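Here is a short report on one protein chain. Look at the sequence and the model first, then read on.

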Amino acid sequence: MRRQNVMENETLKTLESLRSVHWNFNEKPVSREDIETIVQHSMKAANSDNLTDYSVIVVTDPEVLNTITGGESQGKAATCLVYAIDQTRILRCAKALGYDQYQPLHRLYNFFIMLGDVFAAAQTAVVAAKALGIDSLMTNFSHRHHPKEIMKLLNLPEEYCFPVIQVVLGYSDRDPKQTRGRLPMKHVLHYDQYQPASEAEVQAMIEEMDQVYPEYISDQYKHALDWYFNEWFIEWYDEPTYRELYECLRNSKLVYEPD
Ligand SMILES: Cc1cc2nc3c(=O)[nH]c(=O)nc-3n(C[C@H](O)[C@H](O)[C@H](O)COP(=O)(O)O)c2cc1C
């Protein structure tokens, strides 16, 4: 009976229907009204200290999107919500109230808090969009393609602000493929105390990945995870991009005060 209630629950049905659309969006634009409904509801996510310590920049220009994604958007029209952690507003408020010397305390702790807030908001946007029949892609391209240039193009402040995660919105003609690449919950869920995976469970996980990704098995790779270890878990950043990312984050003063 309870299982049936679960199956009929509209919110759970929406969650079941989530899938990432890897830029295969059609031309239909997402209306401004829908964008604002999505962002408004994404802001319902839990929010530490009630500070709303993030900003959302909506990018719709295909050319700008192509530049900031380093070509990943393939010049296609889509709506991209750039979620940036943002402490500039609270600092401006401090200044307006005469706290000229105010500096965010415990920067690393704040950084974790802001990451939590921004990811909660972004994922809530994904769910809100799906509830409106709009597909999405969560992407972290801002870490992989010249963050300095991205920040400049979007007019993001260099200090106390940093783009963390993007939610691309659009409509897709493709069949809703079920999400995959999730381990069964039994490997993830622990009651009371963490239980390390047994050797048998490790073998089960390797086989489960084989079942989910048979296309990665070949003469070269006996298991799907062999493909992962050799072809996917490789260095994503080239050295200059990594250095640029590090420098942007350092200059943002979000993690610590640079010397
Ligand atoms: C933090 C984060 C970053 C991601 N970045 C990208 C990305 O840059 N490009 C991309 O195509 N997918 C990205 N994804 C989406 C995953 O690839 C996707 O969730 C995974 O392939 C599983 O597909 P599904 O969501 O349809 O089940 C990202 C997801 C998360 C949570």
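In what order do the elements of the chain run from the N terminus on? The order is α-α-α-β-α-β-α-α-β-α-β-α-α-α. That makes 10 helices and 4 strands. Helices (H or I, at least four residues) and strands (E, at least two) are DSSP runs, numbered from the N terminus.

This is a predicted model: local features need pLDDT of at least 70, side-chain atom pairs count only at pLDDT 80 or more, and totals for chains, interfaces and linings use all residues. Residues are numbered from 1 along each chain as its sequence is written, and side-chain values use heavy atoms, with hydrogens and water left out.

**Overall picture**

Along the principal axes, the C-alpha atoms fill a box of roughly 60 × 45 × 40 Å. The chain has 259 residues, of which 39% count as buried. Buried means under 20% relative accessible area, exposed over 50%, partly exposed in between (1.4 Å probe, protein chains only). Take the contacts with a separation of 6 or more: 76% of them join residues 24 or more positions apart. A contact means heavy atoms within 4.5 Å.

The unreviewed UniProt entry annotates residues 19-171 as "domain: Nitroreductase". UniProt positions are given in the numbering used here, feature names are shortened, and annotations may be inferred rather than shown by experiment. Over residues 19-171 the chain is 39% helix and 19% strand. The end C-alpha atoms of that stretch are 12 Å apart.

**Helix 5**

Which residues of helix 5 (residues 88-96) are buried? They are Thr88, Leu91 and Ala94. These three span an arc of only 120° around the axis, so they lie on the same side of helix 5. The arc is that of the directions from the helix axis to the C-beta atoms. An α-helix has 3.6 residues a turn, so residues three or four places apart point the same way. Arg92 and Ala96, on the other side of helix 5, are exposed. The cover over the buried residues includes strand 2 and strand 4 (161-170). Just after helix 5, Gly98 has a positive phi of about 90°.

**Aromatic rings**

The structure holds 9 aromatic pairs. Rings of Phe, Tyr and Trp (its six-membered ring) pair if their centres lie within 6.5 Å; planes under 30 degrees apart count as stacked, over 60 as edge-to-face and the rest as tilted. Tyr54 and Tyr83 form a tilted pair, because their ring centres are 6.1 Å apart and their planes are at 50°. This pair links distant parts of the chain, 29 residues apart: Tyr54 is in strand 1 (residues 54-59) and Tyr83 in strand 2 (residues 79-86).

Ring pairs also link a cluster of Tyr213, Tyr216, Trp227, Tyr228, Phe229, Trp232 and Phe233. Elsewhere, the charged end of Lys28 sits over the ring of Tyr171, 4.1 Å from its centre. The rule for this is NZ of Lys or CZ of Arg within 6 Å of the ring centre and within 35 degrees of the ring normal.

**Cysteines**

How many disulfides are there? The count is 0, where a disulfide is a pair of cysteine sulfur atoms within 2.5 Å. For Cys80, the closest cysteine sulfur is that of Cys161, 15 Å away and too far for a bond. Cys248 is in no disulfide either, with the sulfur of Cys161 nearest at 11 Å.

| Residue | Relative accessibility |
|---|---|
| Tyr54 | 5%, buried |
| Tyr83 | 0%, buried |
| Cys80 | 0%, buried |
| Cys248 | 5%, buried |
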